[in-house]
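Work through the exercises below with the sequence and the model open. Try each task before reading its solution.

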Amino acid sequence: MAKVFRTDSVEKIRREKAGWQEDCYSKQKELDKEFKTLSGIPVEALYTPEDVAPMDYLRDLGFPGLEPFIRGVYPTMYRGRTWTQRQLAGFGPPEETNKRYKFLLEQGATGINGVFDYPTLRGYDSTDPFARADAGRGGVAIDTIDDMRILFDGIPIDQVSTSLVTCQPICNISVQSMYFGNAQNRSIPINALAGTSQNDFLLETVVTIAPGVLPPEYSFKLSCDAIEFCTRHAPRWNPVSYAGYNYRESGCTAVQEVAFVMANAIACTEELLRRGLPLESFAARLSFFLSAHSDFFEEIAKYRAARRLWSKIMKNRFGAKNPRDLMFRFHVQTAGVSLTAQQPLNNVSRAAYQALSAVLGGAQSVHVDSYDEALCTPTELSSLTALRTQQILQLETHVTHTIDPLGGSYFVESLTNQLEARIEAMIEEIDRLGGLVKAVKQGWIHQEIANTAYEYQKAVEAGGMPIVGVNCYRLENEELPFEIFRNPETLAVQEKKLERIKKERSAQKVEKVLGDLGRACDQGDNLMELLVDGVKSYVTEGEISGVLKQHYGVWNPPLF
Amino acid sequence: MAKNKRVVMARLGMDAHWRGSIIVARALRDAGMEVIYLGNQLPEGIVQSAIQEDADVVGLSSLSGNHMILAPEVVKLLRARGAGDITVVLGGTVPPDEIAPLKEAGIAEVFGPGTPLEKIVAFIEGINHKVSE
């Protein structure tokens, strides 16, 4: 026990504060207005020990690198090693994105963060009728393992860690297999590869849905297949990154964001245990991806609350004993949804404050959005400015000098406690619905997010949420202060490659891979075991997805 | 009495972002319109549904950048099927210099990021050529 505040002191502070409120504060008239966080948690004018009175330092806070990890997952945090500066990049054909990766690495980025285009993320080839207008948009187009070769050509993937933003499991099962298969073709063993794949079934079935979605239970199965495969063969790879960021972008509150990633990780953990994997073989590799939205203190409290709650869940629910299995490690992206198309250079400031909250909250890696993202894919200049924002934060502000600098703040600790309680309550609600996969199938998650998104928009429009340049401080006759990124020609490039590959590859080999895949689907086997080798036949992503949809069926998500 | 407006809404092609289109769909519904939400569709599918549903308005959404290819195609197909009186509007991330060519192609209005719901609802309510038939 190490209670921080004596009961009699707290009582005295409570009385004095009441007096202050009566005599001083309420004389200022500001303030019948209700103050709330972005997620709707009421905020007081002033916090004192009273608000965190029961705090037991050793039980509730402790030390970095030790339970409950609220002060940080590593003992030295940024003094030992700065966060990874992982700027998202991907557009057009792989030939173009390869150049951007090399540019960012030359400029000091410390990891690759590769995003794929809409068709690739949804399991379509560039040439599919549904895909043609979107080839190369929002990310890089990948159709076969040959595209993966081109994408990482000349990049030392045995030394640089790579994040594959594969989003949907239907994409991940092919694209991660291509990444691994390509490494093997380069004589790099997959157990030497470091990186992360996103692989989140909630993206496929709720958040970034597309035509022909796999039913939730199968999307979830594919996600677990990749985790199981990596656990067995690629132990340095984080096989899943629960994408709370994307949940938040589609409308979640901070509470829903963290509750849903945790419910997702709980569901996967249960499934992997059911498959016979020991907890300590995979638990430390489950990683998380959160948003840094505009409510500065709420975001910091969110990261801290997530760390403490996750360590409790792993310990109490699953009996985890290894400290590494209790750690909530996460990547952060600044909130794309907060960017404005109006006066877009203002977005540099927005993203900088948001990145600061991520770093004060102890993130393991950060992506800062570019100022032009409400208008187009980032240009070289806007990506560079975003990277420099990180470097300024790291090198000039001194925020890295001490660990968890806001720990002990009455306000931040109180908000952390409140967020943790609300997140825990929502996880319990999902438990009552039968777990996350069932909650998705019933449309409960869809409704939760859509309701929040609608309420948020109405609040913005009611004037309760000022957005500079949009509903206040507008400029009339605004002129765009920079060039818009124009997507390089993609479809023709991909079409040509696909045509050549289909002519040159062995039709017999491809047929065998697809036949084996269909049988594996029917028998409930782990598909990645088959595909890492299978993709070397130059089978296309679309061909693989076709087999999956044929055997698993498709689902219409209950969105509206 | 004027009948309630019927609005067919769709996300173009592969575009994944549903937040904007769902929020607009709800706002239109709350304003008393009938909304048929299609999800992701290609122009052909959108036009078929619009005609079948006897829509007054087609609301397209895209944040992926595919709008310059797919949105004008919707207008073209509607006109080719004798349904050119159905108004087509578009919402999403549209760079400012693409608005004029879209309007030339027959898109009645383009709602960029940050457009108030009120404005979208008012615009659609204000369309009257078909309802008055």
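**Exercise 1. Find what percentage of the residues in chain A is buried, and compare the radius of gyration of chain A with the globule rule.**

Step 1. A residue counts as buried if 20 or more other C-beta atoms lie within 10 Å of its own, as exposed if 12 or fewer do, and as partly exposed in between, with C-beta atoms placed from the backbone. Of the 560 residues in chain A, 51% are buried.

Step 2. The model is predicted: local features need pLDDT of at least 70, side-chain atom pairs count only at pLDDT 80 or more, and totals for chains, interfaces and linings use all residues. Residues are numbered from 1 along each chain as its sequence is written, while chains are lettered from A and ligands numbered from 1 in the order in which they are written.

Step 3. The radius of gyration is taken over C-alpha atoms, and the globule rule is 2.2 Å times the number of residues to the power 0.38. For 560 residues, a compact globule would have a value near 24 Å; chain A has 24 Å, which agrees. Along the principal axes, the C-alpha atoms of chain A fill a box of roughly 85 × 60 × 45 Å.

**Exercise 2. State the strand order of the five-stranded open sheet in chain A and name its edge strands.**

Step 1. Helices (H or I, at least four residues) and strands (E, at least two) are DSSP runs numbered from the N terminus. Chain A has 22 helices and ten strands.

Step 2. Two strands pair if DSSP finds at least two bridges between them. The order in chain A is β1-β10-β9-β8-β7, with parallel pairing.

Step 3. β1 (84-85) and β7 (240-243) of chain A each pair on one side only, which makes them the edge strands.

Step 4. Strands β9 (residues 330-334) and β10 (residues 365-367) of chain A run parallel and are joined by three bridges. A:His331 stands opposite A:Ser365 in β10(A).

**Exercise 3. Compare the span of helix α14 of chain A with its expected span, and say what covers its buried residues.**

Step 1. The expected span is 1.5 Å times one less than the number of residues. Helix α14 (residues 346-360) of chain A has 15 residues, and its expected span is 21 Å. From first C-alpha to last, α14 of chain A reaches 22 Å, close to that value.

Step 2. The buried residues of α14(A) include A:Asn347, A:Arg350, A:Ala351 and A:Gln354.

Step 3. Their cover includes β8 (286-292), α13 (296-316), β9, β10 and α15 (380-395) of chain A.

Step 4. After α14(A) comes A:Gly362, with a positive phi near 85°.

**Exercise 4. Decide whether A:Val513 is buried or exposed, and list its contacts beyond four places in sequence.**

Step 1. A:Val513 lies in helix α20 (residues 507-523) of chain A.

Step 2. A:Val513 has 22 other C-beta atoms within 10 Å, so A:Val513 is buried.

Step 3. Two residues are in contact if their C-beta atoms, placed from the backbone, lie within 7 Å. Leaving aside neighbours within four places, A:Val513 is in contact with A:Gly534, A:Ser537 and A:Val539.

**Exercise 5. Count the residues that each chain gives to the contact between chains A and B.**

Step 1. Chain A gives 33 residues and chain B gives 28 residues.

Step 2. On the side of chain A, the largest share, five residues, comes from α18(A).
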